[in-house]
Amino acid sequence: MKFKAILFAAAVSVSTFAFAQEAKKFGPPAGNALVGDTYGGGVATKVESKAISVDKLSKKLKKENKKVENVAVKGKVTDVCEKKGCWLTIQTEDNSQFFVKMKDYAFFVPTALKGKTVVLDGTAERKVTSVDEQKHYAEDAKKPQAEIDAITTPKEEIRFVANGIKVVN
């Protein structure tokens with residue numbers, strides 16, 4: 001009988017450990033997002049030196065018919081997806097934000113990226129985001145229900161698809 005109890009306890013311990021490891025896979029990656037850390041394809045020094053401000057990106061998007069490819073942008077991260085680290089937001093000069101997804105959902109970033117200055121390498125475009133999509137991202141960010149319910153209209157915004165991200169400050 002003691003043997004069965006020990007065997008049962010061991011099985012519970014192993015399954016708990018396995019579940020804990022599995023649960024970790026679905027959260028954002030660990031890490032402190034230190035200066036020089038890169039995510040995805042990274043950002044070459046040559047590309048980093050040509051990074052433009054968020055304001056210049058906005059002007060370029062208006063000028064170049066709503067889409068700019070192979071662009072590097074430097075900005076401050078204001079939010080990161082709490083569920084997986086699969087998206088982030090960058091602060092704009094007018095204190096709004098623009099949304100960044102990772103190309104092909106190929107990499108994720110740690111939540112420690114909040115508040116850090118990064119260089120993004122990828123493609124930017126102006127896009128209309130539906131109410132449902134806005135609410136989905138607000139839920140991912142664990143916004144209060146009142147804030148989620150207040151989303152009632154689609155909005156045009158800058159959307160960025162990142163090939164690589166580098167922490168610069």
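Trainee: What does the secondary structure of the chain come to?

Mentor: The chain of this predicted model has five helices and seven strands, and from the N terminus on its elements run α-β-α-β-α-β-β-β-β-α-α-β.

Trainee: Which residues have the most contacts inside the largest nonpolar core?

Mentor: That core has 27 residues, and those with the most contacts inside it are Leu 57, Leu 88, Phe 98, Leu 113, Phe 160 and Ile 165. Two or more residues each come from helix 3 (54-63), strand 3 (67-80), strand 4 (87-91), strand 5 (97-102), strand 6 (117-129) and strand 7.

Trainee: What does Leu 113 touch, leaving out residues up to four places away in sequence?

Mentor: Leu 113 touches Ala 33, Tyr 39, Val 77, Val 80, Leu 88, Val 118 and Val 167.

Trainee: Switching to aromatics, how many pairs does the structure hold?

Mentor: It holds five aromatic pairs. In one of them, Phe 99 and Tyr 137, the ring centres are 4.3 Å apart and the planes stand at 40 degrees, so the pair is tilted.

Trainee: Where do Phe 99 and Tyr 137 lie?

Mentor: Phe 99 is in strand 5 and Tyr 137 is in helix 4 (residues 131-140), so their pairing ties together parts that are 38 residues apart in sequence. Phe 99 is buried at 7% relative accessibility, and Tyr 137 is also buried, at 13%. Together with Trp 87, these two residues form one aromatic cluster.

Trainee: Is the pair of Tyr 105 and Phe 108 stacked or edge-to-face?

Mentor: The pair is edge-to-face, because the planes of the two rings are at 85 degrees, with their centres 5.1 Å apart. Tyr 105 is partly exposed at 45% relative accessibility, and Phe 108 is partly exposed at 29%.

Trainee: Last one: Glu 157, buried or exposed?

Mentor: Glu 157 is buried, with a relative accessible area of 10%, and its place is in strand 7 (residues 155-167).

Trainee: What does its side chain make a polar contact with?

Mentor: The side chain of Glu 157 makes a polar contact with that of Thr 129, at 2.5 Å. Leaving aside neighbours within four places in sequence, Glu 157 is in contact with Glu 125, Arg 126, Lys 127 and Thr 129.

Technical notes:
Residues are numbered from 1 along each chain as its sequence is written. This is a predicted model: local features need pLDDT of at least 70, side-chain atom pairs count only at pLDDT 80 or more; totals for chains, interfaces and linings use all residues. Side-chain values use heavy atoms; hydrogens and water are left out. Helices (H or I, at least four residues) and strands (E, at least two) are DSSP runs, numbered from the N terminus. Buried means under 20% relative accessible area, exposed over 50%, partly exposed in between (1.4 Å probe, protein chains only). A polar contact is a pair of N or O atoms within 3.5 Å; within protein, one must be able to donate a hydrogen and the other to accept it, and residues adjacent in sequence count only if both atoms are side-chain atoms. Contact means heavy atoms within 4.5 Å. A nonpolar core is a set of buried Ala, Val, Leu, Ile, Met, Phe, Trp, Tyr and Cys residues joined through side-chain atoms within 4.5 Å. Rings of Phe, Tyr and Trp (its six-membered ring) pair if their centres lie within 6.5 Å; planes under 30 degrees apart count as stacked, over 60 as edge-to-face and the rest as tilted.
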